[in-house]
Amino acid sequence: QVQLVESGGGLVQPGGSLRLSCVASGFSFSSYTMTWYRQAPGKERELVASITYTGRYTNYADSVKGRFTISRDNAKNTVYLQMNDLRLEDTAVYYCKCESRGVWGQGTQVSVSS
């Protein structure tokens with residue numbers, strides 16, 4: 001069964017940090033680009049960051065460049081999103097996705113509030 005399970009979300013104050021994890025199962029994780037998306041209330045889902053299968057190349061939305069870092073551990077079938085200097089506008093449900101397989105995780109809520 002192909003599955004992605006996110007974790008690590010929560011409530012944090014502005015300027016704080018969180019690290020999201022996404023554990024993959026049921027497919028050859030190390031062969032695929034992985035992507036993090038987010039969807040804020042009333043807004044469309046947007047791409048946050050992506051990482052190629054080796055981890056050599058990464059890509060970020062302009063809104064998170066310099067604050068978020070995507071990484072992966074192929075031995076653990078896991079992709080991470082380190083989020084620093086969080087802002088109110090980062091509040092959203094965060095999803096990981098295997099682009100080529102079209103598989104989404106269930107999402108994890110990140111709330112930034114003072």
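Predicted model: local features only at pLDDT ≥ 70, side-chain atom pairs only at ≥ 80, totals over all residues.

User: Got it. Where is aspartate 85 found?

Analyst: Aspartate 85 has a positive phi of about 50°, even though it isn't a glycine. With 39% relative accessibility, it counts as partly exposed. As for its place in the chain, look in the loop between S8 and strand S9 (92-98).

User: Let's do rings. How are phenylalanine 27 and tyrosine 32 arranged?

Analyst: Searching the whole structure turns up three aromatic pairs. For phenylalanine 27 and tyrosine 32, the ring centres are 5.8 Å apart and the planes sit at 65°. Planes over 60 degrees apart get a particular label, so this pair is edge-to-face.

User: What angle is there between the planes of tyrosine 95 and tryptophan 104?

Analyst: These two residues belong to one aromatic cluster, together with Tyr37. The centres of tyrosine 95 and tryptophan 104 are 6.1 Å apart, and the pair is edge-to-face. The angle between the planes is 90°.

User: Is tyrosine 95 buried or exposed?

Analyst: Arginine 45 lies over the face of tyrosine 95, at 3.8 Å from the ring centre. Arginine 45 also lies over the face of tryptophan 104, this time at 4.5 Å from the ring centre. Tryptophan 104 is partly exposed, with a relative accessible area of 32%. Tyrosine 95 has a relative accessible area of 13%, and under 20% is the cut-off, so tyrosine 95 is buried.

User: Which residues have the most contacts inside the largest nonpolar core?

Analyst: That core has 31 residues. The residues with the most contacts inside the core are Trp36, Leu81, Met83 and Tyr94.

User: Which strand holds serine 50?

Analyst: Serine 50 is buried, with a relative accessible area of 14%. Leave aside neighbours within four places in sequence, and its contacts include Thr33, Tyr57 and Ile70. The strand that holds serine 50 is S5.

User: Now the open sheet: which strands stand at its edges?

Analyst: This open sheet has four strands in the order S1-S3-S8-S7, and the pairing is antiparallel. An edge strand has a single partner strand, so one of its sides is left without a neighbour in the sheet. The strands in that position are S1 and S7.

User: Last one: what is the bridge partner of glutamate 6 in S3?

Analyst: S1 and S3 run antiparallel, and five bridges join them. Glutamate 6 also shows up among the residues that tyrosine 94 touches, not counting residues up to four places away in sequence. In S3, the bridge partner of glutamate 6 is cysteine 22.

Key: Residues numbered from 1 in each chain as written. Heavy atoms only, no water. Phe/Tyr/Trp six-rings, centres within 6.5 Å; stacked < 30°, edge-to-face > 60°. Buried < 20%, exposed > 50% of the residue type's maximum accessible area, 1.4 Å probe, protein only. Lys NZ or Arg CZ within 6 Å of the ring centre and 35° of its normal. Helix = DSSP H or I, 4+ residues; strand = E, 2+ residues; numbered from the N terminus. Contact = heavy atoms within 4.5 Å. Core = buried A, V, L, I, M, F, W, Y, C linked by side-chain atoms within 4.5 Å. Pairing = 2+ DSSP bridges.
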